[in-house]
Amino acid sequence: MTVYGKEGHTAADHLHTREMILNMGPAHPAMHGTVKMILTLDGETIKDADIHVGYLHRGFEKMCEEQTWNQVMPYTDRLNYSSPLINNMGYAMAVEKIAGIEITPRCRWIRTLVSELSRITDHITCIGAQALELAAYSPFLYGIEARELLYQLIEELTGARLTVSYARIGGLRHDLTDTFEAHYRERLPRIHQLLEDVHRLLTKNRIYYDRMAGTGVISAEDAIDYGFSGPVLRSTGVTYDVRKNYPYLAYGDVDFEVPVGSEGDNYDRYLVRVEEIKQSLRIIDQCFKNMPDGPVNIEDWNVVLPPKEEVYNTIEGMIAHFKIIMHGSDIPEGEAYSYVEGANGELGFYVVSSGGRGPYKMHVRGPSLHLMQGIHKMILGGMIADLVPTFDSINMIGGEIDR
Amino acid sequence: MPTLKINDQEVTVDQGTSVLDAAAETGVEIPTFCYHPGLSAPANCRMCLVEIDGGRGAQLMPACYTQAGEGMVVKTDSPTTQEAQKSVLEFILLNHPVDCPICDQAGECVLQDHYFDYSARPSRLRHVKVHKPKVKILGPNIVLDAERCILCTRCVRFCDEITETHELRVTQRGENSEITTFPGLDLTNKYSLCTADICPVGALTSRGFRFKARVWNNKRTKSVCDQCSRNCSTFVDTLRNDVKRVSPRTNAEVNKWWACDEGRMAFKKYEEGRFLRGQVRHEGTTHELAPSDSYHRVGSQLSQTVEAHGGESVGLLLHPSWSNEDLFVASQFALEAGLRLYVGGRTADGYEDNILIRADKNANRYGLNLILDAIDIPNAGVDSLAADIQAGTIRTLLILDGEHTLPESVITAIGQVEEVVALAAWHTPILDVAHLIAPTRLVFERGGSFVNFEGHLQRFHKTQMHDINILSPWHALSTIARAGGWDVQYDRISDVFASMAEMVPRFAGLDYQELPGDGVSTEETTSAGTI
Amino acid sequence: MSVALVAAIQSRFGDAILDSHDLAGDDTVTLRKDALVDVCRYLREDPSCQMEMLVDVTAIDWQEKRSERYEVVYHLHSLSLKHRLRIKVAVSEEDLTVPTLTGIWRGANWPERETWDMYGIRFDGHPDLRRLLLYPEFEGHPLRKDYPVRGYQPLVDMPSLPVDREDSEE
């Protein structure tokens, strides 16, 4: 027990402090996609963080066991809902891997193109939200306008902005629209302008730099140990991008670079994402130039719906259509783990088939799950004010973690 | 006992087994259209062609007709076989109309399934398809769409071999061949709906089921027909709680693959006239009660009569179409309260044939007899009932179920009873004289077990639900008994069955939840033969 | 590349491998449960393997199709040597545990928690084995095949739904 006024004591000796437990979330403006962080604070410094996820758990994997192969597609839209097209393609690739289906060349290029469009929308959302949380509202709006132009393109192609369900086993729902490239080229100057505006507002911004540089640091060894991938891993200096290391679809046939950071802090992650958007635009341009003509779907009516002229006019097309929809294609027995470069990292689909009309087991390896298990390493010892940009730079998407 | 090789797997089968059955023993499925295990094998569809090497080189031969021979090498997945299957399907589909969206068979169509599993090749037809009559009424229950027919002749063989009524024939030739009825005949045999069951496509369809429901939306439940003492196993298809269709379930011990039209269509007669609430009739007016109130009322009324005049003054008219569980609880109740038991029921002397239909139109007389013997309770027929009523001994009569076929004299006698109480699901003219009616469940709305005339016990399951306050007969009787102050306490049907299995020697050792899907025989084989 | 990996494991831990295949090009080995930690440590540390990243942990419920009901599936990845491996361990209902890999890869933490949550397979030695995606009062393990797709949980009270007393046995 301290006695006030004792010799040699300062005011600090009489201040009773204890650690405070602060509950952040799940309903919190900074907690995107409902996450609860139970922080043990000493003043503003974070001593311990207990992360609770699962608020968006919808039983995705259980539901998939009840559906046919193509009926699973709308569920994949709702995984990383900022880049649904990438999820679609990843799932379709996993099933095609089990069945040994070889998709058409045109399909490969279109899938690459739309994946990159999705990646751009995701990165813009992340950068914009990051700025927003640090009280920079204008770059957020500029980013959203750029994203809106891309969403209009996606809506023209697939009919929806988020619930796209564009891929099918063995191909796609349909080919690109006739005006797709023209509309893209029309919008491109404005998109470039907006991205340039965002960059000029943020990249060399003193406040932004002070908040972001040196915060949320993680080392490369820790990042790999926790299973990080994507922009977060690349910000630590590790060159791992599924598109380059294990090229899939048309990524082996296009020129692009993979930006890699060095410090592993929030600022590097921001820079990595900005540069990735530029590279994605480069890839899209090459896709438009090099895309071959030809059919988008494979010819096998056991897997892919026949063309409508056949369905309405021949009994064979009618029966094939009926059976694929009502019963589902019979994918042979087997299992496969297929992975793509999602906006947050390695998005994997582990699908087990028992030879039936739908998956026997379906597991999604969402990159954000591994990022969230390692986030405490990035925020421990920092302040709450640093938690906000760190959490944003992870780009945690609830749909991917919780499923 | 020839040994043959099917897809590199050796199997030994009995002499006379077809290659198709031999393959089935090894787990290999060979597609067929015209083959049916209950009919002769005509080998006219050619879908079961497989490569068979019987010593003179590999040849395509129909598996349903070719007998397994020693040393045969059969390949069901070789390129030749696959090409044959694709070609056969192509020919069959050549003139097949694009009817799937409007065809009743969609979802359970063998042609759809085989095309998708064995072919999936686009059409090469560049011509018009042959047109034939599309909605040809063949009889009261069956309509023919001749374009969909693939001429497997299953229906023709059914009418020739099973019902032996010979109504159907193939007429014309080549691509104009058509199934039709023999001139002057309609498809009127008592099993005509079986032709719609066995038709692999949507050529022959049921008129009663036409356009009523899509099969994949239906919920399918295993049940048993209760319209005669054969107790054919059935599947009941319901959609949104309405029974849409009853079709036969294969049961080698009871009905094989068939079911009669009358039994299958019986569900239609129960659609009108259901009792959904209790009825109290007094001087021309009818007043309704909630079901639970009506059970209590019946119970208290019976107990009043028994207290005043003894159990002998109350008669209980059993129906031998009720389930074992219902009849067991009824008998326990009668024993407990000292009531008089009479056995009524539908006619025992109806139409009978040597295929499935039995003269006794009651489902469970065998079970009733087992139960009454085991409980050792005196019972009598309806003539005794009339006599006892005339003698003045019966003051209250509890009629169980309304579907009794009674002689005029008995009906008149019942009209003279002081108090007629009924526990019934469906209105019949006999119940006009009832003063108090408590509702119960139809056979479709409850579960239980029947024993058929050969001693085969089968379980039937609930297919549709109505008001949960309306109880199954065994449960209603238990509630009535308790309301009257008697100790008959059953809340779970498996408890009823367990008690019954203890008391009835033929049911000993049976467990309600473990009864096999095809039922089990209750007949004991002693050295003196079957009982 | 991964073929050499499987051969390396074979030569060092010969009897630990119960089965292997490479369906769809994914190299897969089924290991004995007691050899799991040793093999994984070897795969992580040996210079010829260098599997720095544990990609994912999940499980499959085979029900009666297999004698041991569950199978825990691990995916490993080496960034430096660019090879991948899938490891499977059979787990029976009587002994529903697997040793944890958190000592080798810290990134095994949440995936193992998720597998516990969904399948009820305990990971011995896990520092914090509690549910990840579901709330703590949840009863049961939903990805098991015998958990109904439309299952009800005790916290959800629906008093207005009438229940047919006879229904439970039909």
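1. A:Asp293 and A:Arg106 form a salt bridge in which the closest N and O atoms are 3.9 Å apart, a salt bridge being a side-chain nitrogen of Lys or Arg within 4 Å of a carboxyl oxygen of Asp or Glu. This pair links distant parts of the chain, 187 residues apart, since A:Asp293 lies in the loop between helix 12 (266-290) and helix 13 (308-313) of chain A, while A:Arg106 belongs to helix 5 (residues 105-133) of chain A. Helices (H or I, at least four residues) and strands (E, at least two) are DSSP runs, numbered from the N terminus. Over all chains, a search of the whole structure finds 69 salt bridges.

2. Please keep in mind that this is a predicted model, in which local features need pLDDT of at least 70 and side-chain atom pairs count only at pLDDT 80 or more, whereas totals for chains, interfaces and linings use all residues. Residues are numbered from 1 along each chain as its sequence is written, chains are lettered from A and ligands numbered from 1 in the order in which they are written, and side-chain values use heavy atoms, with hydrogens and water left out.

3. Between chain A and chain C, 43 residues of chain A are in contact with 50 residues of chain C, where contact means heavy atoms within 4.5 Å. The area buried between these two chains is about 3900 Å², with carbon and sulfur atoms giving 55% of this area; buried area is the accessible area (1.4 Å probe) that two parts lose on being put together, summed over both. A:Lys62, A:Asp225 and A:Tyr360 supply 19% of the area that chain A buries against chain C, more than any other three residues.

4. Across the interface of chain A and chain C the rule finds ten salt bridges, and A:Asp222 forms a salt bridge with C:Arg106, with the closest N and O atoms 2.4 Å apart. The side of chain A that touches chain C divides into 19 nonpolar, nine polar and 15 charged residues, where Ala, Val, Leu, Ile, Met, Phe, Trp, Tyr, Cys and Pro count as nonpolar, Asp, Glu, Lys and Arg as charged, and the others, Gly among them, as polar.

5. The largest pocket holds about 830 Å³ of space, a pocket being, on a 1 Å grid over the protein atoms alone, an open set of points with protein on both sides within 12 Å along at least five of seven lines, and lining residues having an atom within 4 Å of a point. Of the 32 residues that line this pocket, B:Glu108, B:Ala196, B:Asp197, B:Ile198 and B:Ser247 lie nearest its centre. Strand 13 of chain B gives the largest share of the lining, five residues.

Notes. On a 1 Å grid over the protein atoms alone, a cavity is a set of points where a 1.4 Å probe fits but cannot get out, and a pocket is an open set with protein on both sides within 12 Å along at least five of seven lines; lining residues have an atom within 4 Å of a point. Grid points are joined across faces, edges and corners, and a volume is the space filled by probe spheres set on the points.
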